[in-house]
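Welcome! Take a moment to look at the sequence and the structure, and then let us walk through some of the details together.

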Amino acid sequence: MLAYLDHHATTPCDPAVVEAMAPWWTEQFANPASRNYQPGLLAAAAVQNARSQIVADLGVQPESVIFTSGATEANNLALKGLAEAEIESGGQRRHLVTLATEHRAVLDPLRYLARHGFELTELAVLPNGLINLEELAAALRPDTLLVSVMAANNEIGVLQPMAEIAALCHQAESSHQKTIHLHCDGAQAVGHIPLQPADLGVDLLSISGHKLYGPKGIGALVVKPGIRLAAQLHGGGQEQGVRAGSLPVPLIVGLAKALQLALADQQLRSERLGELRDQLWRQLEPLGDLKLNGDLAARLPHNLNLTVGGVDGARLHQLLRRKIAVSSGSACSQGSPSHVLAALGRSRQEAGASIRFGLGRHTTAAEISCAAVAVAEAIRSLR
Ligand SMILES: *Cc1c(COP(=O)(O)O)cnc(C)c1O
């Protein structure tokens, strides 16, 4: 069997999540906005319960959670919603700040805004993939409207220091007397590392169901109360008028259940997968001419990303394909070389000859041993 080591691309939906969703597709199919009869009220209560649980799990206020179709939509709502709200309120701030290594679901909406009257600063990262806090401090200006930095990188797994980033934003705020909104794409972090947005000073947090053993097609934007967003989907006025559309009750129930389960085994899972990841690295390191991409300490425990020297990337992945499911970059990059690895100074050739391992809840020690053997064999045969 193919060992699935691509959990940054997606995770399997937990059977308990599938079970929790089941009745809401069939018997209990009513629209939660239909308040005239019992089934509609029951659906509304299910949404309410899911919302309360997510709110409790993340330590935020009930009005903070806006359900979306995933982290992509949550990012678009946060970034374009803030930008358009600034325009609508007559505000003059047009400067946006992000990192060169962000997910395309952050970079693309920001670049879109940069084509529509905003100015975007894309900060380079340090060679270990972490933000340069001095460069961030220097980039903040009186007209900076928002800063967007992901908590955990989907390719190299590095964890950005969100609390320090928030502190710099607040420092700049007090000298410029304007609120700089801090958005965080938490798709790879929530359910994997402890993350409470309010404690960290994060104003907007994007999450995704299918990255935490929940269903695809659901996510949420968690927004600090009082922040105004311009609607990105206009229609029936659901989700405080910011995101119209009938609520997908089964998916919402599934997201809440998945988050609950992910938090329940988070610590043990992290410890176990961290050991397996370290074992994989120890077994591969002696092959020599390997570059570790991203800081090893400030990193998701279930991530490893290596650039293999002296081999052709296409042939390497061709050999690996039969034994393990891994990737050379993001699942969303459509074959173009990884912009994240490029930001670390890797060449096009090096980026192609890179392997991203993403371990998950069901990864076994046997799978890791097989993966290590498969990678070692492939590298030896190509060198
Ligand atoms: C997967 C991912 C997304 C996109 O999430 P969807 O729910 O699939 O839209 C955004 N950002 C990061 C960091 C991701 O890993």
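This is a predicted model: local features need pLDDT of at least 70, side-chain atom pairs count only at pLDDT 80 or more; totals for chains, interfaces and linings use all residues.

A polar atom of the side chain of Q266 lies 3.4 Å from the backbone nitrogen of H192. Residues are numbered from 1 along each chain as its sequence is written, and side-chain values use heavy atoms, with hydrogens and water left out.

You can find Q266 in helix 9, which covers residues 266-284. Leaving aside residues up to four places away in sequence, Q266 touches G191, H192, I193 and P194; a contact here means heavy atoms within 4.5 Å. Is Q266 buried or exposed? Q266 counts as buried because its relative accessibility is 10%, and the cut-offs are under 20% relative accessible area for buried, over 50% for exposed and partly exposed in between, with a 1.4 Å probe and protein chains only.

Next comes the loop between strand 8 (219-223) and helix 8 (249-264), where G245 is found. Helices (H or I, at least four residues) and strands (E, at least two) are DSSP runs, numbered from the N terminus. A244 has its place in this loop too, and E239 also lies between strand 8 and helix 8. Not counting residues up to four places away in sequence, A244 touches L233, H234, G235, G236, G237 and Q238.

| Residue pair | Separation along the chain | C-alpha distance |
|---|---|---|
| A244 and A231 | 13 residues | 8.2 Å |
| G245 and A231 | 14 residues | 12 Å |

How do the loop residues stand in terms of exposure? A244 counts as buried, at 10% relative accessibility, whereas G245 counts as partly exposed, at 25%. E239 is buried, with a relative accessible area of 9%.

E239 has another feature to look for: its phi is near 50 degrees, a positive value in a residue other than glycine. D289 can be viewed alongside it, with phi near 55 degrees, again positive in a residue other than glycine. D289 is found in the loop between helix 9 and strand 9 (290-292), and it counts as exposed at 51% relative accessibility.

Now step back to the whole protein. It has 13 helices and 12 strands, and its C-alpha trace spans about 65 × 55 × 30 Å along the principal axes. Why does a radius of gyration of 21 Å agree with a compact globule? For 383 residues, such a globule would have a value near 21 Å, so the two agree; the radius is taken over C-alpha atoms, and the globule rule is 2.2 Å times the number of residues to the power 0.38.

Of the 383 residues, 57% count as buried. Among contacts with a separation of 6 or more, 74% come from residues 24 or more positions apart. The protein exposes about 15900 Å², with carbon and sulfur atoms supplying 54% of it; accessible areas come from the Shrake-Rupley method with a 1.4 Å probe.

Definitions and conventions
A polar contact is a pair of N or O atoms within 3.5 Å; within protein, one must be able to donate a hydrogen and the other to accept it, and residues adjacent in sequence count only if both atoms are side-chain atoms.
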